[in-house]
Protein chains: 2
Amino acid sequence: MSIIEPQETTLYHQLAETFATAIHHGTYPSGSRLPAIRRVAGSHQVSVNTVLNAWRILEDRGLIEARPQSGYFVRGVLPSVTKASKYLAQVSSPSSEKLDLIDTVFAAQNHPDYTNISLACPQNGDFYPAAKLSRIMASMLRRQPGMIGRYALPPGSLRLRREVARRAMDSGMALVADDITLTHGCMEALQLALRALTKPGDCIGLETPTYFFLFPLLASLGLKSIEIPTDPQRGLSLDALEMLLTEKRIAALIAMPNVQNPLGCSMTLEDKKRLAELVNRYQVPLIEDGLYGELQFCTPLAPAVKAFDRDGWIIYCSSFTKTLAPDFRVGWMAAGRFSAEIARLKAVSSMSESVLLSETLGHFLESGGYDHHLRSLRRRYISQMDEARGLIARHFPQGTRATLPQGGFVFWVELPGNVDATELFHRLLQEKICVTPGALYTLSERCNSALRLSCCYPFDERYTYAIKRTGALACEMSGLSPGIS
Amino acid sequence: MSIIEPQETTLYHQLAETFATAIHHGTYPSGSRLPAIRRVAGSHQVSVNTVLNAWRILEDRGLIEARPQSGYFVRGVLPSVTKASKYLAQVSSPSSEKLDLIDTVFAAQNHPDYTNISLACPQNGDFYPAAKLSRIMASMLRRQPGMIGRYALPPGSLRLRREVARRAMDSGMALVADDITLTHGCMEALQLALRALTKPGDCIGLETPTYFFLFPLLASLGLKSIEIPTDPQRGLSLDALEMLLTEKRIAALIAMPNVQNPLGCSMTLEDKKRLAELVNRYQVPLIEDGLYGELQFCTPLAPAVKAFDRDGWIIYCSSFTKTLAPDFRVGWMAAGRFSAEIARLKAVSSMSESVLLSETLGHFLESGGYDHHLRSLRRRYISQMDEARGLIARHFPQGTRATLPQGGFVFWVELPGNVDATELFHRLLQEKICVTPGALYTLSERCNSALRLSCCYPFDERYTYAIKRTGALACEMSGLSPGIS
């Protein structure tokens with residue numbers, strides 16, 4: 001696993017990467033002390049400052065912690081999921097049971113009495129700059145009181161599109177305002193991309209496991225899916241993909257190369273370049289879901305695959321729903337060679353986005369507070385994620401494995417002892433606890449013992465209890481004791 | 001033409017209707033004086049008050065005006081369009097020229113230097129209660145500062161859905177909050193309805209002329225259309241529709257029974273009941289576009305066709321985009337027997353609507369200011385429409401005919417002398433004036449001499465000049481003099 005590529009970064013990033021890999025490979029187990037800073041500086045031929053910078057990155061990523069007067073220690077992490085799923089290359093449509101399960105899970109999360117520890121829908125108002133956004137909105141309404149009374153027309157706020165393009169540069173994408181189509185969240189961006197690229201009966205390549213709402217979306221468009229093996233640490237298997245592309249069996253591919261949902265992993269820079277090259281060579285459109293791209297834990301951000309898009313075959317989709325203003329549902333897409341078609345399709349599908357909401361985001365981005373906010377958001381999500389992982393380590397059955405996400409706020413947990421996670425879901429639901437079983441994320445049988453958990457909720461007693469209770473029930477079902485094996 | 005049905009209304013509504021019909025039929029020509037109030041009271045055996053109430057309705061509808069010390073006079077109206085289009089029953093898909101024309105018109109309206117006198121996109125900030133909506137929004141953000149930071153999940157604001165259901169009762173629809181799916185404007189409601197009801201290759205029945213964005217929307221879904229003759233005063237021809245239904249040639253029907261776009265007409269109560277009966281009998285879904293339903297000029301509002309929907313075959317779609325908050329793009333649909341499917345489709349297509357915007361509307365509706373606002377909005381649109389009609393009467397070629405809309409802010413103008421309205425559009429565009437040619441509203445050749453005009457823009461010198469200039473150019477092209485024939 002390589003989070004940061006040497007050619008893109010500085011010396012201390014390289015050093016951080018070396019130690020992150022060592023930690024993930026068990027060279028430094030949980031709880032162990034890292035070598036003294038001067039010793040590392042000597043053995044790696046770098047300055048003390050470089051080591052300190054590297055340690056800061058590892059701290060940010062929740063991998064190590066400083067203990068006063070004692071040095072730096074590896075935080076308790078769980079063994080990572082490493083097994084790549086078997087490649088089945090099966091063309092599938094979801095069964096009605098699968099769609100019902102998705103409905104049931106989705107309905108459960110809306111129930112005010114249920115404790116939701118699983119869905120990727122931020123409910124933590126404190127984490128977002130609501131006060132500042134409110135002030136911007138209020139001031140705009142004072143200056144342009146008639147704004148609410150004017151029809152919002154495409155292409156929408158130039159200010160926001162300009163800021164989106166400017167920020168996309170940070171992920172290596174050379175975009176200008178006119179390349180951007182604003183959408184009603186990332187979900188609409190995916191929907192429009194699929195409608196522009198496919199016709200009923202077509203096959204779409206998906207990562208496995210993948211974002212579960214893709215299954216009903218594909219079904220609603222008469223599309224079938226082929227699941228492509230996806231490594232919990234490296235992401236999409238490009239060898240498997242290339243096989244598919246050679247056979248011309250897919251009309252489009254959907255992938256999350258940065259911070260995959262539900263695994264939390266990112267592809268290496270090398271793999272991203274190869275992926276871009278493949279889809280351009282085979283002229284098969286890639287719908288790159290970059291929803292969590294700006295929530296990557298590494299800095300600077302690793303680039304998008306779209307950064308290497310030679311001939312415009314990549315449609316990049318993202319949103320501010322997970323990063324800045326969950327309630328606004330303002331998303332965007334940069335559709336390369338499909339731009340004109342996508343803009344037309346957006347207009348006839350839902351016209352445009354609210355100028356009030358778009359300009360509010362545009363002003364916020366212009367003001368320069370976004371990077372600061374993102375840093376603080378990442379820190380908070382890392383900290384909550386580590387806390388959750390700590391609870392899992394203590395309360396889930398021995399042998400439980402969890403991914404170590406490279407961003408965002410969800411992670412993937414594989415339970416030992418053939419625990420049926422769907423049964424676990426149903427039993428927890430009776431206790432008003434809502435988790436999402438692995439079966440949601442694939443049409444195959446291969447994730448039946450997995451769960452996705454999420455850390456975007458207030459980390460309160462209710463949440464803590466729900467995690468512990470999930471672990472206790474999993475222990476009961478597996479017959480295993482809790483604790484790290 | 002019967003705007004108000006006797007069984008639905010009171011004595012003075014009946015009287016107003018009698019005189020409206022007389023005016024429209026030329027019994028009382030433009031500029032003529034109505035009989036004295038006491039004489040009308042005597043001849044119709046009603047009280048003086050009843051006549052005064054009836055006159056108030058006719059004044060509200062822009063048909064008559066009081067002149068101090070002289071009595072009531074018929075305002076100058078244009079001869080109405082009465083010719084029903086010929087029934088061709090042709091299955092069509094738009095040509096690329098047609099789609100290009102739609103693109104060109106739609107792009108032109110966004111050009112800041114162009115004067116737009118044609119598109120139905122309110123830009124008159126003063127007409128909408130922006131200040132009150134802003135105050136509600138600000139107070140909500142003060143009380144719930146974290147609101148922006150919480151993910152918006154379906155089904156969305158109960159407050160708004162409850163208010164929508166309550167108001168739907170005024171149009172005769174028995175709905176509860178759970179019947180309502182919130183959407184991103186009416187456009188998304190239409191899109192979702194079509195996606196739920198059809199598969200590529202299906203035929204959709206449309207009014208002719210109809211809302212022009214339906215053509216690219218249908219094309220994007222691989223759907224064909226059959227245009228059904230639509231009378232400029234009575235709306236959809238039900239005899240023609242029944243023929244189609246017998247032949248089972250359409251998968252769904254889209255219609256605007258109240259305040260049709262672009263004609264401005266509404267169906268009679270009798271026709272609405274028959275339409276509801278037909279679609280239920282033949283089990284062919286009707287997508288009822290009620291976008292302008294609350295902008296009907298008659299009070300109380302004439303009911304929706306959905307009011308008579310026996311078995312849930314009618315999907316009612318509407319929005320607050322034309323009536324309350326154009327920028328918010330919050331719409332809704334009540335999908336009858338398709339409700340569960342539509343709710344699922346909305347979630348996987350664009351998830352949900354902003355709680356902030358929805359609750360702002362919900363609070364506004366609860367506060368009771370909406371009816372007052374609607375009354376004032378109708379008065380303003382009637383007054384602007386009448387002003388525009390006055391300009392047309394003076395500046396358009398003799399023989400020009402225009403519809404007398406029963407609500408909303410658009411009307412339909414048929415030019416005499418075989419003027420090619422598309423050529424007129426292109427010539428006006430060179431002078432930076434944007435109108436919409438009739439060819440946009442049908443795939444047939446039958447509206448080539450028509451224009452749609454709109455009164456939702458500030459009625460300033462620019463607008464006035466654009467109308468006059470359109471008339472002058474039409475005179476030049478037709479070789480006819482301006483003025484009422």
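Start by selecting A:Lys199: at 53% relative accessibility this residue counts as exposed (exposed means over 50% relative accessible area, buried under 20%, and partly exposed in between, with a 1.4 Å probe and protein chains only). The side chains of A:Lys199 and A:Asp202 meet in a salt bridge, 3.1 Å from N to O (a salt bridge is a side-chain nitrogen of Lys or Arg within 4 Å of a carboxyl oxygen of Asp or Glu).

Before you go on, note that this is a predicted model, in which local features need pLDDT of at least 70 and side-chain atom pairs count only at pLDDT 80 or more, while totals for chains, interfaces and linings use all residues. Residues are numbered from 1 along each chain as its sequence is written, chains are lettered from A and ligands numbered from 1 in the order in which they are written, and side-chain values use heavy atoms, with hydrogens and water left out.

Side chains of opposite charge can pair when their charged atoms come close. Over all chains, the rule gives 48 salt bridges.

Select A:Glu65 and A:Arg67 for another one, with the closest N and O atoms 3.5 Å apart. Here A:Glu65 is partly exposed at a relative accessible area of 26%, and A:Arg67 is partly exposed at 34%.

Next, move to chain B and pick B:Arg167 and B:Asp371, whose side chains meet in a salt bridge of 2.8 Å, N to O. This pair links distant parts of the chain, 204 residues apart: B:Arg167 sits in helix α6 (residues 158–168) of chain B and B:Asp371 in helix α13 (residues 369–395) of chain B (helices are DSSP runs of H or I with at least four residues, strands are runs of E with at least two, and both are numbered from the N terminus). Is B:Arg167 buried or exposed? At 8% relative accessibility, B:Arg167 counts as buried, whereas B:Asp371 is partly exposed at 37%.

Back in chain A, select A:Asp239, A:Glu242, A:Arg274, A:Glu277 and A:Arg281 together: salt bridges that share partners join these residues into one network.

**Helix α6 of chain A**

Show residues 158–168 of chain A, which form helix α6. Buried in this helix are A:Leu160, A:Arg161, A:Glu163, A:Val164, A:Ala165, A:Arg167 and A:Ala168. To see what covers them, bring up β5 (180–183), β12 (331–334), α12 (355–367) and α13 (369–395) of chain A, which are included in the cover. At the N-terminal end, A:Ser157 caps the helix, with a side-chain oxygen 3.4 Å from the backbone nitrogen of A:Arg159.

**Domains of chain A**

Colour chain A by its domain assignment: domain 1 (6–74), domain 2 (91–126 + 375–478) and domain 3 (130–370) (these bounds come from an automatic or database domain assignment). The centres of domain 2 and domain 3 of chain A, taken over C-alpha atoms, are 25 Å apart. Where they meet, 32 residues of domain 2 are in contact with 35 residues of domain 3 (contact means heavy atoms within 4.5 Å). One salt bridge is counted between domain 2 and domain 3 of chain A. Select A:Arg446 and A:Glu227 to see a salt bridge with the closest N and O atoms 3.4 Å apart.

**Where chain A meets chain B**

Finally, show both chains. The contact takes 59 residues from chain A and 59 residues from chain B. About 4800 Å² is buried between them, with carbon and sulfur atoms giving 62% (buried area is the accessible area, with a 1.4 Å probe, that two parts lose on being put together, summed over both). Highlight A:Ile148, A:Tyr151 and A:Asp327, the residues of chain A that lose the most area to chain B, together 17% of what that side buries.

How many salt bridges does the rule find across the interface of chain A and chain B? The rule finds two. For a salt bridge between the chains, select B:Asp103 and A:Arg344, with the closest N and O atoms 2.9 Å apart.

To see which elements of chain A take part, select α4 (96–109), α5 (130–143), α7 (185–197), α8 (214–220), α11 (339–350) and α12, the elements that give two or more residues to the side touching chain B. End the tour on α11 of chain A, which gives the most to that side, with seven residues.

How values were computed:
A polar contact is a pair of N or O atoms within 3.5 Å; within protein, one must be able to donate a hydrogen and the other to accept it, and residues adjacent in sequence count only if both atoms are side-chain atoms.
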